Amino acid sequence: MMKNILKVVLLTSMLPFAASAAEELTPWYVGGGLGVNNYEPNCDQKTMKVCGEDDPYAWDVFGGYLFNDYFGVELGYRDLGRAEWTDYSNKLNDVGARGMSLGLVAFYPFANKWSLSAEAGAMNYLISNKKQWDTEYYSDNGIAPYIGAGIGYNFTDNLKLAAKYRRYENLDEEKWNTLSMESNYWGLELSYRFGSVKAAPVAAVVAPVVVVAADADSDSDGVVDRLDKCPNTPSNHKVDATGCTVYELATTKHDLGGILFANDSAVINQASFSDLEKLANYMKKNPEHTVIVEGHASNVGKPAYNMALSDRRASSVANALTSKYGISANRIKSMGYGVTKPVVEGNTAEAHRRNRRIEAIVTGTEKRAVLK
């Protein structure tokens, strides 16, 4: 007996590319930021007589490389703005810091398009003092460590806007030991990740060609027309002595698609219940069929934990079919596969999102034509 596989995709409208998208984003990105900066202690330098005000506007440009969806490295150039005060010689001081930075960044995606970030690194700074309206000048350089945090939103797969905070330490002038500052920065950054997500090509459907035989046997089934009680029988069907199709009972498997889960979660999304209801309706219309719910996980974390998580996801769907839709438990089997059967290979956000899933495989018996 030959087996046919009927594939019905049951995905929510919120996930239109889950079954047909090919991930082609690169790990490289660039961006720029604009914000405000506050040097501190603003009015407690050794040379201060009268405290002035910060010129708070700061900016930066940067480029980065992602090792995976959670970690990367960033190289940039930053200007932290300037601050003013009057010293004991009654001269106006105007000081600021700028320079190259290098640091590690970490990301935690949540709530679909949102993500949290943390960073740590060092800035090779040049601190300069333009005294008395730029008539006197001195500078020094050094390495200042910094840490930061932020929250970002992806408008598209490529474009992200993030709110950032950074704290810089040890912005010191050590030649004459006159400046010892720290800095707090708040700002917005816009970044662009190179590459694109393109739809996978759809295979063309070729219609079968029907060949008309001679008049003596119009449907070419081997039974002449005068004895044929079933004219126009498909040419690839086996027929009986009267020219009618011979049928048999065959075991079939139907892949009824699946639903996706949030990261590290076995809770069914509210939007996925419409797909789950379609599966339940199919089971009710075909009471002789059984279903295997296969749970899967993304390749993040320890394999043993992912195996247990995928088993919980499968059990969650199986329990919902029984408790919410009344499908008998003896018709349902759940099984976790961990990370062993990925639908998308790779270590990207899209691959992880599509691999956090269950798949429903329905098995039943149907009447099927015997082919020649």
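Q: What percentage of the 372 residues in the protein chain do buried residues make up?
A: Buried residues make up 42% of the chain. Buried means under 20% relative accessible area, exposed means over 50%, and partly exposed lies in between (1.4 Å probe, protein chains only). This is a predicted model, in which local features need pLDDT of at least 70, side-chain atom pairs count only at pLDDT 80 or more, and totals for chains, interfaces and linings use all residues. Residues are numbered from 1 along each chain as its sequence is written, and side-chain values use heavy atoms, with hydrogens and water left out.

Q: How many helices and strands does the protein chain have?
A: The chain has three helices and 14 strands. These elements are DSSP runs numbered from the N terminus (helices: H or I, at least four residues; strands: E, at least two).

Q: Why is Ser191 called buried?
A: Ser191 has a relative accessible area of 13%, and because this value falls under the limit for buried residues, the term applies. Ser191 lies in strand E10. Leaving aside neighbours within four places in sequence, Ser191 is in contact (heavy atoms within 4.5 Å) with residues including Tyr29, Phe62 and Leu159.

Q: Why does Phe194 count as partly exposed?
A: The relative accessible area of Phe194 is 38%, which lies between the limits for buried and exposed, so Phe194 is partly exposed. Phe194 is also found in strand E10.

Q: What makes the nonpolar patch on the surface, and which strand gives the most to it?
A: The patch is formed by Trp28, Val30, Phe155, Leu159, Leu161, Leu188, Leu190, Tyr192 and Phe194. Patches are made of residues with over 30% relative accessible area and no salt bridge; nonpolar side chains (Val, Leu, Ile, Met, Phe, Trp, Tyr) are joined within 5 Å, and like charges within 9 Å. Together the nine named residues have about 810 Å² of accessible area, calculated by the Shrake-Rupley method with a 1.4 Å probe, only the protein chains shown counting as cover for residues. Strand E10 gives the most, with four residues.

Q: How do you know that Glu119 and Arg78 form a salt bridge?
A: A salt bridge is a side-chain nitrogen of Lys or Arg within 4 Å of a carboxyl oxygen of Asp or Glu. The N to O distance for Glu119 and Arg78 is 3.7 Å, so the pair meets the definition. Glu119 lies in strand E7 and Arg78 in strand E5, 41 residues apart. Both Glu119 and Arg78 are buried.

Q: What makes strands E6 and E7 a pair?
A: Two strands pair if DSSP finds at least two bridges between them. E6 and E7 are joined by 16 bridges and run antiparallel, so they qualify as a pair. Ala97 stands opposite Ile127 in E7. The two strands form a hairpin with three residues between them, and Ala111 in the turn has a positive phi of about 50°.

Q: Why is Asp69 called buried, and what is it in contact with?
A: Asp69 has 11% relative accessibility, and therefore counts as buried. Asp69 is found in the loop between strands E4 and E5. Among its contacts, neighbours within four places aside, are Phe107 and Thr348. The C-alpha atoms of Asp69 and Thr348 are separated by 5.6 Å, although the two residues are 279 apart along the chain.
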